[in-house]
Structure formats: structure tokens, C-alpha cells
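I opened a new model today and kept notes as I went. Here is what I looked up, entry by entry.

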Amino acid sequence: MTEAALSTQGLGRRYGSTWALRDCDLEIPPGTVTALVGPNGAGKTTLLQLAVGLLAPTAGNVRVLGHDPYRQPAQVLPRVGFVAQEHPLPRRFTIAETLRLGRELNPTWDDGLAARRIDELGLSPAQRVGTLSGGQQAQVALTLALAKRPQLLLLDEPVASLDPLARREFLNTVVQAVADAGIGVVLSSHIVADLERICDRLIILAHGRTLLDGAIDDILAGHRVLTGPRSSAERVERIHDVIRESHTERQTTLLVRANGHVYDACWELHEVDLEEIVLAYLGLDRAGRGTPSGRRAVVSR
Amino acid sequence: MIWVGWRQQRTETLIAGAVLVVIAAIVIPVGIHMASVYTHEGLAACGANAQPGTACGLAIPSFQIRFNLLDILFTWSTLLPPIAALLFAAPFILDLDSGTYRLLWTQSITRRRWIVTKLGLGIAATVLVALLLSVLATWLRAPLDHLNGRLGSSTYDAEGLVPIAYALLALGVAVALGAVWRRTVPALLTAFVLYVVARAFVDSWLRQRLVDATRVTWHIGGGGGPSNSTLNRALVIHQYLSDKTGRAIAGANQICVRTSAGALPHTRISGPCLLPSAHGYMTVVFIPASRFWELQAIEFGIVAGIGALLVAAAGWWTYRRIA
């Protein structure tokens, strides 16, 4: 399994005259847990639907486990577990019938695994899906995806509609499954909290473009907040990428992607958490300043 | 996928099955009763050539009046196949409406297989229900058909092949709208309205143009026109006073009928009228009963063909456009 779990080259998808995703180049290694982060409308859902063959690309191409998901669904679908946004399930089915659906439609179906998961969730096979809570439905949808024994799990906003407790339980299930089976996961979210705990890679998307793509450890190590007396960011900018710049009357705060060490003694260095980095990138984008490298946004306070 | 498709259509199938059972439970005893009256009163031997005053001439009208209610019911029963079709269109649209197609298309089967299975099951159930209703109607109405022919609209629409064609048309309209619209209830309601419009168009305009009608002109006094029973059993398109060449005489659409003028069974009398002797010729344009199957086959071909095209269009649209 040396091929990338998911790779894209110049991938784009247009709806009418609007590009939902554009010039997307990604390489997600197998066996990693990757978070796809961005505001609503960033292109996360489009990317995942392209990856599972629900959509055909307008430009470029996408490979999942080495194959084109739209043209070669038979090579891709059995090896990929997908939970769509809002985790749709046939509401009139009982849980037992939902599992039978999985068995009928998937050659690699693991009945024991599915039954065990339902049991662990404290659900009865005779319950109707329509009567379950949102969190329970999400768990059943996840069970359906996991019992395929996939090599890659694609989750589109799996926790967006869940309350914090259900969100935590859902993500724990994902973590557990990853630990048990060593499968790769790509999950999209507009909620950054919790991601650091379970993910090892992060991709930030906004307005259909990739703003940042890397291992979370590298991202955390590479970003710093610099605080110093009020001044221009010009000198820092010559060496580092300034992601966000804000000023108070006496102080300037910069969030930078550091290229090497920051030697300048004027600046006080702080570590920065993932959420702040994500917000900085998205804040940057909200100001409409294009890609992060070499550009900056000014957030006045 | 067949199990999944069947499971998603189970409620609809049970509803349709229950309705069929109820209809059969009402209609079969009535049919048996009617058939026994028909045999008992010797109507089979009468044919439709009952002359007034004979035993048959009395028995036939009384039989027809007695079972007249069935005719009225049958006018409405022609709505059953399309309603069943809308019912069986629902599972296809519901998957698109509720988003569950995203679940089904991302299991290990292709979306082509999903489309073929769902639409195939919908077609199969629709055709089966329409076929059963048609067979039931044909059996039930056998005595009445023997007397009245099969081209009266309540009979023609309920028997033979056309109920299946209209059910397919309703299914096609519904799934095509549903594929594009992806909202179940509005799509089904709109499909029903469009179906009724299409149906009215066929009934009032298209059907009489599907085959070349027979045109007969005859002198009223001299007889020689089609017999009562021929016209009774035919689909009469026009009947009017005319000159010798069959051209209509302006304003002359009502004539006074004297009891002796037995060859004018269909004219209604109201208001002022012309004396037949003033013009003397009658023209009738009609499709004779013997062409029932020819007409049915042509109408079936056109209507079922359009229905099948719409179903295929729904499948194509779903395959190409939806994600």
C-alpha cells in the first residue's frame, strides 16, 4: 500500500460559472488522519464528493488508492468508506435492515464487526433508523462505512450536526477504528476543536483553494506569534510569511509561518495553537488577500 | 441491490396490493352476479340486435340500467393505474430527495446499477398493477362489452393494453420531474396534473386521429346507414346532417326525429330543430368496434413509448447530472 490514499492534480469543479474547487494539488499519504478545514462553501464537500466519485471533475484529476473514483468506481468504492454530510440513512429501515443493506451492497462486508458496533452503541437491531437521535444515526452511518473494511474513510462534516458529547463519542469511534485497522481517514470540518486530538495532517481550504497542507506537528512547529513594540512588519516579512498582523496603540502582533529561526531580539516569541493558526489563515482569506505566501492581512483592533 | 430496492418499495407495494384486494373483493362478487344475470336472462343470445318490443329489446335496456353504476365507477377507475404509477415513482424520487442516494451510490455498487434497479422495480410493479386492473376490468365487463362494444371511453380506457401505457406515462412523467426537481411531493402532484392534461388531450383530440375513421353518408328516408348496433359499439366521432357528398349543412345539427326514423339513435332533441326531409342525408364518422385492438396497439405504442422515453431520460439525468 505505497500509493497515496488520495492525490489530486490541478483538480477543479465548477458549478455554472462558480468554481467550488480550483487548482487543487494534494497528496495524502496512506494511513494518516487528515482534517480538511474551511468555512462553509470552501469546497470541502466538493473535494470529498470528487474523491468518492459522486462528482466528476471539471478540470484536473483525482486518484483514490491509485484509481479514478468516477471512471473506475469498481476499483475504488469497495475500498472506501464514505459518510456524507448529514449522514443520510433510509429512515424507514430498521438497524438490522440497514446492516443488511451494507451486506447486500458490499462484497467486503464484515457482519461481525457491524453487529458488534451496534451492540457497543447500545442499540437494538429492531429499532427504526428514523427514531434514533442525530448522534446515533451518525454512529450507524459510521458503522456502515467501517464494516466495509475500507482502506480509506472519508467523512464529510461528520460532527457538524452533533452536540458536544455525541461529537466526542463519534470522534472516539473514529480514533478507535483507525487504531484497530490502520486505515486512513480524511474528514472535513468547520469546527477546529477536537481535530488536533485525532488528526495528524491538516488541509485548509477556502473559496475552492488550498491555503495550507501539512502535518500538524510541522504546522505547529512552523508557526509563531511575534509580539513587539508597534512597528511595521516589513523586516519580518523579508524572511518569514506573515499570516496575520494586528496592531494596538503600542504593540504589534504577528502570526508568521517561520522560515527558520526568528533571531530578531525586538520580538517576543509565543507558540500558537492549531485553532488560532486556522483562524488566522481563514481571517486572511476573509479579507480577500489571496494565498498566504508573502501576503498579509491587517486586522486592526 | 434488488433486496434494497424492494425494501424501499415495500410500503408502496403493500398499499397497492391492499387496494387491489379491496377492489377485487368488491368487484368479483358483482361480476359473478352480473354474469349470472346475463346468462340467466339469455342476453348472450340477443347480441346487440334487439328490436324494440321483443324480449331482448326489453331485457337489454333493463340490464344496462341495472349495471349502469359500474360504468360510472369505471370512468373513475381509469385513474387507478396512474395513481399506482405515482406511488411506485416515489421510492426513486425519495432517495434523491432525502439524500440517501449518496449513501447508496457510495457502497460498492455503481450508480448505474442503482438507477437500473430502482427504475426497473418501479416499472415492474406499475405494469403488474395496471395489468391486473385491466384483466379484472376485462373480465368484469365482458357482458356489458358484449352489448355495448369496447370503444366507449370508460371501457376502452380500462381494458386491453392502454391502462398499462397510461401507467407507464404517469411513471415516466413522475420520475423525470423527480430526477430534475428532487422533491417528492411537488414532483408527484405536478406529474398528476400533467398526466390529466395529457390524458384529456388524447381523449378529446388524438385518439380519433390515430386510425382512419370510417365515413358513411346515407339518405335518411332510404335507410342503408350503419346499423344501430354498429354505431352503439363504435367510437362515433361526428354525426351530422349533410348533403349527398357528406358535407355538413351549416346550422343543422339538430333534427326532429320521428319514431319511424329508426336509424338516428344518437341525436338529442332540444330546442328548435330541422325536419330531416328538408335535407335528407346523414353522415356519420366513426371507428368501428372491430378496430379495437388496432387502436389499442397504436395508442399503446405512442403512450408507452413516451413513458419509456421519460423513464430513460430520468435515468440519464440522474446518471449524468446528480452528485
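**Entry 1: a helix pair in chain B**

I began with one crossing: helix 5 of chain B and helix 11 of chain B cross in a right-handed sense. I note at once that this is a predicted model. Helix 5 spans residues 80-98 of chain B, and helix 11 spans residues 184-206 of chain B. Their axes come within 9 Å and cross at roughly 150°. An angle over 145 degrees counts as roughly antiparallel. Helix 5 of chain B and helix 11 of chain B are therefore roughly antiparallel to each other.

Next I listed who meets whom. From helix 5 of chain B come Pro82(B), Leu86(B), Ala89(B), Ala90(B), Ile93(B), Leu94(B) and Asp97(B). From helix 11 of chain B come Thr184(B), Ala187(B), Leu188(B), Ala191(B), Phe192(B) and Tyr195(B). I sorted the residues of this contact between helix 5 and helix 11 of chain B by class: eleven are nonpolar, one is polar and one is charged.

**Entry 2: the sheet of chain B**

I then looked up a sheet in chain B. It is open, has three strands in the order 1-3-2, and its pairing is antiparallel.

I followed one pairing in detail. Strand 2 of chain B pairs with strand 3 (residues 281-287) of chain B over seven bridges, in the antiparallel sense. I picked His238(B) and found its bridge partner in strand 3 of chain B: Val285(B).

**Entry 3: a sheet of chain A**

Chain A came next. I found an open sheet of six strands in chain A, in the order 5-6-7-3-8-9, with mixed pairing. Strand 5 (80-83) and strand 9 (209-215) of chain A are its edge strands, and each pairs on one side only. The twist averages 15° from one strand to the next.

In which sense do strand 5 and strand 6 of chain A pair, parallel or antiparallel? Strand 5 of chain A and strand 6 (residues 152-155) of chain A pair in the parallel sense, over four bridges. I noted one bridge there: Val83(A) has Leu155(A) in strand 6 of chain A as its partner. Helix 5 (residues 134-146) of chain A lies across strand 5 and strand 6 of chain A. This helix runs at about 165° to strand 5 of chain A.

**Entry 4: where the chains touch**

I stayed with helix 3 of chain A. It packs against helix 1 (residues 2-40) of chain B at an angle of about 150°, with the axes 9 Å apart. Helix 3 of chain A and helix 1 of chain B are therefore roughly antiparallel to each other. Glu97(A), Leu101(A), Glu104(A) and Leu105(A) meet Trp3(B), Val4(B) and Arg7(B). Of the residues in this contact of helix 3 of chain A with helix 1 of chain B, four are nonpolar, none is polar and three are charged.

**Entry 5: confidence**

Last, I checked the scores. The predictor gives the complex an ipTM of 0.87 and a pTM of 0.87. Chain A averages a pLDDT of 87, with 93% of its residues at 70 or more. Within chain A, confidence is highest in helix 3, at 96, and lowest in strand 14 (residues 297-300), at a mean of 36. Residues 285-301 of chain A have a pLDDT below 50.

Chain B averages a pLDDT of 86, and 88% of its residues score at least 70. Over residues 258-267 of chain B the pLDDT stays under 50. Where pLDDT is low, the predicted coordinates should not be read in detail.

Note on methods: Residues numbered from 1 in each chain as written. Chains lettered and ligands numbered in written order. Predicted model: local features only at pLDDT ≥ 70, side-chain atom pairs only at ≥ 80, totals over all residues. Pairing = 2+ DSSP bridges. Helix = DSSP H or I, 4+ residues; strand = E, 2+ residues; numbered from the N terminus. Axes fitted to C-alpha atoms, helices over the stretch in contact; angles between N-to-C directions. Contact = placed C-beta atoms within 7 Å. pLDDT = per-residue confidence, 0-100. Parallel < 35°, antiparallel > 145°, perpendicular 65-115°, else oblique. Left-handed = near helix turned anticlockwise from the far one by under 90°. Nonpolar A, V, L, I, M, F, W, Y, C, P; charged D, E, K, R; others polar.
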